[in-house]
Amino acid sequence: MVDRTHNPSRRRFLGGLAVLGAAPLAGRLEALPQVHHNRWSGDHFDEGHDRLRNPRAWWEQLAAQGRTQNVEGLFDVIIIGGGISGLTVAYRLARRNPHLRLLLLEREKETGGVSKSENWNGIEYSIGAAYMVNPEPPEDDDPEHPSQERLNLDLLIELGLREEEEELEACNDKQRRWATHHNHVVFTRQRVLNDEEVLTAENVRFFETVAESDRFPSIPPEDPWLVQKLDTISFQEFLRNSDLQRELYGLAVGEIPPAGWESIEYYFWGAFGTNTWETSAYHGLNFYAAEFTRLLVFPGGNAFIAKRLTERIRSIDERLISTGSYVLLAEPAAGEQGQRYWQVKVERRQGGSRGYLYRTRAVVFASPIFLAKRMLPSLPLEQMQALEQLDYRSFVVANVLLTPPMREIFGESTILHSYEMQRAQGTDPRHHPPDVLSQRNVFSDVVNATFAVCSERQPHTILTVYRPYPYAAGRELLRYLTYEYVEAEIRKAVLEAYGAHGLKPEHIHEIRLARWGHPMIIPRPGQLAGGLMELCRRGQPGLFFSHTDIFGAPAIENALAAAHAAVRDVETYLGRSEAARRDAVSLSRTCPTGQSST
Ligand SMILES: Cc1cc2nc3c(=O)[nH]c(=O)nc-3n(C[C@H](O)[C@H](O)[C@H](O)COP(=O)(O)OP(=O)(O)OC[C@H]3O[C@@H](n4cnc5c(N)ncnc54)[C@H](O)[C@@H]3O)c2cc1C
């Protein structure tokens, strides 16, 4: 058996083959409902542009038509955005502070943001984020100052999604599983590559050492010296600089085989929508080295976590989440006695559009950070200019629904037992422009969508295919490409890639597409080290940011780190303003004029 321990993979896109069940193909095709799912899921490309081009004018138009109203009372916290980050803030604040008046506003009908899933014949498949790095807290974790990993693990345990100690390597009934390097393959049209053809033992040892090192580039960044060393160069420069590798980690990565360069490059497309030469070495190493640990995979990907968070929040109080609530603006205001609060203006579409004005003591902005330029007009000019410098890449996630079970399609045991697959084509991506390569390599990788619930037991197979647009014009292109065009492109690429491995056109029942407009913030070198990200996420009294973007890279760990920080900051702020209010009350009791006795 081939040892695939050393095959690299990438972290974010997971594509997916889902291995579904058994039963011979004949007779199954007719038995399946022929759902016609010919529509994009994911982002609505035009809604955002219509509203957020000029949100104030949009609101004033509603007001002029007499379709706005004030919502009664003062909220303590309003969270704008119901992705993993906003949901985590809402859940933790609600659990820890039952007295607070909270509300989470989400523009879509469903929560989850980029971590959403859909279902086919009872099988969940991801239309966005697929997995997280398994949180493994250091043994000497300080209970007074828990590490991010400890906080993440505690959250998962509280949600019933992990136990403190558990083995998740094998298939079981837990609805979760670890994927390791053993479950990653790199394959060509003809065969699955051996480990050493992709990364040598020396290469692997290097990344494993980084993953275990005290100098692992953490999020949030804790060591400014390391940030200066790594965030000021690209990942490609880092891989070529053996002196720096030795200085930081005591060993060097060594010679990387051509297929290794190719797979690293496609990993970056999938994880960031970027090339290694435009990506910060800090973020690149944070993502790529973590691939050499264990990944935690749920059915339908990280949507599983988002759904559990949503259920738990709703079980605290059904009214804490309001979906279909499009936030247009959030602005500071002052009451008659000078007390500060925030006004949040929201459009809701139930039987026609209506505007609702909320008042709240604190706002948590948990939407993609570039939207802050439009939705938070009180940000200072320098912050607006900083936000203007951020750039994003776009994405299609295609779920290929296959009627036979995995084992009836693929002969190779390596493919059968893999979670994540990446195709190598013998090209060196460093020598071609990304738009040209993107045409040639339509997907960055593919994941087995039923890995977490054990492919062998499933009657069907789903491959989740990640199709990034790793170049600036990708989003515009994606706006105009038709569903049929992209579907045909994916069908052709998947059949080409897997044809010799057993996949036939008649196996494909349907292809379902999700497109994402701005999901991937580009982690350019210098954004952390030069203070750009810090400036972009700078709050104001009563305003806090919580989104994966605020650390400059797209990962659930960043979304969670942002949420933990926001919860702490909001509690401190409300605690302080509560104290200020109490003081004001006691002062006014002692001095009826409201003046201090001093
Ligand atoms: C294709 C793809 C695959 C990925 N795969 C992985 C992966 O495998 N592992 C991983 O760790 N990360 C992955 N990521 C990164 C992913 O972005 C994060 O993991 C995480 O889901 C981000 O969560 P978030 O809450 O920070 O942001 P989002 O998911 O962006 O949530 C923001 C929310 O704000 C809402 N919103 C926006 N505007 C408004 C408004 N005006 N009013 C109200 N609500 C609004 C949005 O609808 C959304 O629900 C992937 C991303 C993509 C695009």
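Residues are numbered from 1 along each chain as its sequence is written. Because the model is predicted, local features need pLDDT of at least 70 and side-chain atom pairs count only at pLDDT 80 or more, while totals for chains, interfaces and linings use all residues.

**Exercise 1.** Work out which way the residues of strand β8 point.

*Solution.* Start with the rule that side chains in a regular strand alternate between the two faces of the sheet. In β8 (residues 184-187), H184 and V186 point one way, and V185 and F187 the other. Next, check burial: all are buried (20 or more other C-beta atoms within 10 Å of the residue's own, with C-beta atoms placed from the backbone). Finally, find the partner: β8 pairs in the parallel sense with β15 (residues 420-423) over 4 bridges (pairing takes at least two DSSP bridges). Here F187 stands opposite R423.

**Exercise 2.** Describe how helices α7 and α12 cross.

*Solution.* Take the axes first: those of α7 (residues 201-212) and α12 (residues 281-290) come within 9 Å and cross at roughly 105°. The helices are therefore roughly perpendicular (65 to 115 degrees). Then look at the contact, where F207, V210 and A211 in α7 meet L285, Y288, A289 and A290 in α12 (C-beta atoms, placed from the backbone, within 7 Å). These residues divide into 7 nonpolar, no polar and no charged.

**Exercise 3.** Find the residues that come nearest to the ligand.

*Solution.* Of the 40 residues around the ligand, G81, G83, G113, A129 and P519 come nearest. Elements giving two or more residues to the shell include α4 (84-96) and α22 (556-590).

Terms used
Buried ≥ 20, exposed ≤ 12 C-beta atoms within 10 Å, placed from the backbone. Axes fitted to C-alpha atoms, helices over the stretch in contact; angles between N-to-C directions. Parallel < 35°, antiparallel > 145°, perpendicular 65-115°, else oblique. Contact = placed C-beta atoms within 7 Å. Nonpolar A, V, L, I, M, F, W, Y, C, P; charged D, E, K, R; others polar. Near = placed C-beta within 6 Å.
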